[in-house]
Amino acid sequence: MRQHLHSVRDRILPLIDFFYPMFRRIMPLQTFRYAVSGAGNTFLGLLAYYITYKFILRGQDFHFGFYALKSHVAALAASFILSFLVGFFLMKYVVFDDSKIRGRVQLFRYLLVCVFNLTVNLVLLKFLVEACGIYPVFAQIGTTVVVVLLSYLAQRHFSFKRVPEPTYLEDEGPDLKSSSDGGGGE
């Protein structure tokens, strides 16, 4: 499985990196990769939201068993699932591939950040749609701007942060030397 993931990564990176020279003076490569990957995943999420809301749900509430989700919330849930899966792949294998944190820890942290982002998105979306009367697709585009900024900061400094290389004392302190050279112990 990992070999397939790296194969996909090896196809995506040259495509993204091809355009980097135009942006080299503006931002580092990793930030550029994040911007392109994030923009692609955001577009995919918005497209999934639009298709789900407009064509699958047709603006009707989604009923399942004992509860019904409003159509804009159900579309958000569908969009979240797709964006979560694609986003984790892009962040782990394309953008923050220098992180030494174990994959399952990254996944858990990424999930935490995504759930936080989803909560922010849901609160803003409900406010804009239900309180302000903004068309759901436009409201979702607006909330995306806020969530993207929060997401970058959280992913860079939490989910995929670089673990610093351990630093060891080059020479032992005087207390350690005297106890390790065999002096004083009969």
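**View 1. Cys114 and Cys132 in the predicted model.** With a relative accessibility of 9%, Cys114 falls in the buried class. The model shown here and in the other views is predicted. Cys132 has a relative accessible area of 40% and is therefore partly exposed. A disulfide is a covalent bond that joins the sulfur atoms of two cysteines. Searching the whole structure gives zero disulfides.

**View 2. The salt bridge between Asp97 and Arg9.** Four salt bridges are counted in the structure. In the one formed by Asp97 and Arg9, the closest N and O atoms are 2.5 Å apart. Asp97 sits in the loop between α3 (71-95) and α4 (103-131), while Arg9 belongs to helix α1 (residues 2-18), so the pair ties together parts of the sequence that are 88 residues apart. Asp97 is partly exposed, its relative accessible area being 36%. Arg9, by contrast, is buried, with a relative accessible area of 15%.

**View 3. The salt bridge between Asp17 and Arg33.** The side chains of Asp17 and Arg33 form a salt bridge with an N to O distance of 2.6 Å. This pair connects distant parts of the chain, as Asp17 is in helix α1 and Arg33 is in helix α2 (residues 29-56), 16 residues apart. For Asp17 the relative accessible area is 25%, which means that the residue is partly exposed. Arg33 has a relative accessibility of 12% and so counts as buried.

View 4. Lys126 and Glu130 meet through their side chains in a salt bridge of 3.0 Å, N to O. Both residues lie in helix α4, where a separation of four residues corresponds to about one turn of the helix. Lys126 is partly exposed, at a relative accessible area of 32%. Glu130 is likewise partly exposed, at 41%.

**View 5. The surroundings of Ser151.** Ser151 is part of helix α5 (residues 136-159). Its relative accessible area of 15% places Ser151 in the buried class. When residues up to four places away in sequence are left out, Ser151 is in contact with Tyr34 and Asn117.

**View 6. The backbone at Arg58.** Most residues other than glycine have a negative phi. Arg58, a residue other than glycine, has a positive phi near 50°. The position of Arg58 is in the loop between α2 and β1 (62-64). Arg58 is exposed, with 64% relative accessible area.

Terms used
Residues are numbered from 1 along each chain as its sequence is written. This is a predicted model: local features need pLDDT of at least 70, side-chain atom pairs count only at pLDDT 80 or more; totals for chains, interfaces and linings use all residues. Side-chain values use heavy atoms; hydrogens and water are left out. A disulfide is a pair of cysteine sulfur atoms within 2.5 Å. Buried means under 20% relative accessible area, exposed over 50%, partly exposed in between (1.4 Å probe, protein chains only). Helices (H or I, at least four residues) and strands (E, at least two) are DSSP runs, numbered from the N terminus. Contact means heavy atoms within 4.5 Å.
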